[in-house]
Amino acid sequence: MPIKPPASAAGAAAPRETDRLRFDPTTIGSPGLRQNGGYIAEEFLKDLSGVNGRKKFREMAENDWVCGAILFAIENLIRGVEWTAQAADDTAEAEAAKAFVEEVLVDMSTSFDTVLTEICTMFTFGFAPMEITWKRRVAGTDDMGLPISRFTDGKIGIASIALRKQETVVRWDIDDADGRIYGFWQQPYTRPQVYIPTPKTLLFRTTPVANNPEGRSILRTAYRSWFYRSRIEEIEAIGIERDLAGLPMVRIPATLMDPNASIEDKAVYQAYRRLVTQVRRDQQEGIILPSNRDQSGNLLFEFELLTTGGSRSFDTNAVLTRYDRATATAVLADFIFLGQQAVGSFALSSDKTALFAAAIQAFLSKAIAERFNEDLLPRLWTLNGFDFAAMPTLVPADIEEASLGEVGALIQVLTGAGAQLFPDRELENHLRRRAGLPPAPEDGAEDMIDTPDAPQPGEDDPADTEDAADDE
């Protein structure tokens, strides 16, 4: 007996099987992104939502040594990767298109390294909106007297790809039906609010889930550990200060603390309240108290420092170390602690760094390279009216390469198996570069030094012939 599909939640009849299978090009569902009027509401913690969240993530990135070390490693790994333009095929048209892309990248007013550095801010905030400025490659100078372009072929090139800081993004222009992103509103610090459409932007995100334009910061899962560690560090610092200086206590007449006291008495109470909370043991310490006494001769105002009564019963250093490790583990970067303790092996270090490098390589190839190849280059080709069949791709190199020992072992194994690897000038030069050696000389260069030809079999060595003649 066939199972009937359940009715909908509203009590309506379930769709017929023919309705399920018929072709319908329209969009029925939606990505489910929680947004209202372009304001994203995906974050369930209020402190991490919107502008407040961006300020918090910036504090984590710039004011915490663990988060700062992680982001420093990611940024410099990505900046150190070599990018190449890969031709679509071996035709002359494809090679010319490849050369054009290489020219465009070096002809920008902002260097490609600067572009990569600004893209890396997406790891802190979850997204990095970049605005593209186009230009025509002609002779002449701009408003600052700098050359417009190094080339004068009249083609459309890229003037700059520049970050629009995440803290200045106000809200997004999102289609309520299918979740398409049409642009965003930005509030610059010294200018009126502006609208930047999608065709003018490249949006880099750590994750495209539900087409959320703000992605997700890689520090999000480390926030809980960072939050508690920050609070414990503050408590620890206060505790150290109190242990060294003592707990301040001041005695004042009870009349000053009466809710019905006069304005003058309340002012005196507030003054002593500030005194007891702000007193510090430093070069400017000093307290002035009145010498008034009661009828029994006791001081009406008295200040003293109380001792804490002993050391703490727990090790805050161990607690902080635990939260440090949790923060780094959230982004697979706990290898930064290897060597700081008397544990850990080389194999463990290699495995951890390889896993971290693989994760960064995925960001590099998917979140960054795909945006160049799927958004930037097609727009450039459309503006110039080029043939898309010849459009090249930008390809980043691998972050982690095999060691020279591993490469040498592989070559030895392949050679032993009968593989003919040499002579191969390209392969040889690649290995020389890996080893830090100069490239092989060009064809004919090795013949610059005259060397006597070796005698062939059956021929006499000229030197032997001359020696024989001398003996006669």
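Let me start with strand β4, residues 127–136, which pairs with β5 in the antiparallel sense over seven bridges, where helices (H or I, at least four residues) and strands (E, at least two) are DSSP runs numbered from the N terminus, and where two strands pair if DSSP finds at least two bridges between them. Within that pairing, Glu131 has Ala162 of β5 as its bridge partner. What we are looking at is a predicted model, in which local features need pLDDT of at least 70 and side-chain atom pairs count only at pLDDT 80 or more, while totals for chains, interfaces and linings use all residues. Residues are numbered from 1 along each chain as its sequence is written, and side-chain values use heavy atoms, with hydrogens and water left out.

Staying with this sheet, it is an open one of three strands in the order β5-β4-β9, with antiparallel pairing. The edge strands are β5 (156–163) and β9 (201–205), each of which pairs on one side only, and the twist averages 25 degrees from one strand to the next.

A second pairing joins strand β3, residues 83–86, to β12, again in the antiparallel sense and over four bridges, with Trp83 standing opposite Pro396 of β12. In a regular strand the side chains alternate between the two faces of the sheet.

Turning to the helices, the axes of α2 (residues 50–63) and α3 (residues 65–79) come within 5 Å and cross at roughly 85 degrees, the axes being lines fitted to C-alpha atoms, for helices over the stretch in contact, with angles from 0 to 180 degrees between N-to-C directions. The two helices α2 and α3 are therefore roughly perpendicular to each other, on a scale where under 35 degrees is roughly parallel, over 145 roughly antiparallel, 65 to 115 roughly perpendicular and the rest oblique. Met60, Ala61 and Asn63 of α2 make the contact with Trp65, Cys67, Gly68 and Leu71 of α3, contact meaning heavy atoms within 4.5 Å.

In helix α5, residues 112–119, the buried residues are Phe112, Val115, Leu116 and Ile119. Seen down the axis of α5, these fall within an arc of 95 degrees, so they line one face of the helix, the arc being that of the directions from the helix axis to the C-beta atoms.

What is Ser225 in contact with, leaving aside its neighbours within four places in sequence? The partners are Tyr323, Ala326 and Thr327. Ser225 itself sits in helix α7 (residues 223–245) and counts as buried, at 12% relative accessibility.

Two loop residues deserve a comment on their backbone. Ala210, in the loop between β9 and α7, has a positive phi of about 60 degrees although it is not a glycine, and counts as partly exposed at 25% relative accessibility. Leu332, in the loop between α9 (316–329) and α10 (346–384), also has a positive phi, near 60 degrees, and is partly exposed with a relative accessible area of 36%.

As for the chain overall, there are 13 helices and twelve strands, and buried residues make up 30% of the 472 residues.

Definitions and conventions. Buried means under 20% relative accessible area, exposed over 50%, partly exposed in between (1.4 Å probe, protein chains only).
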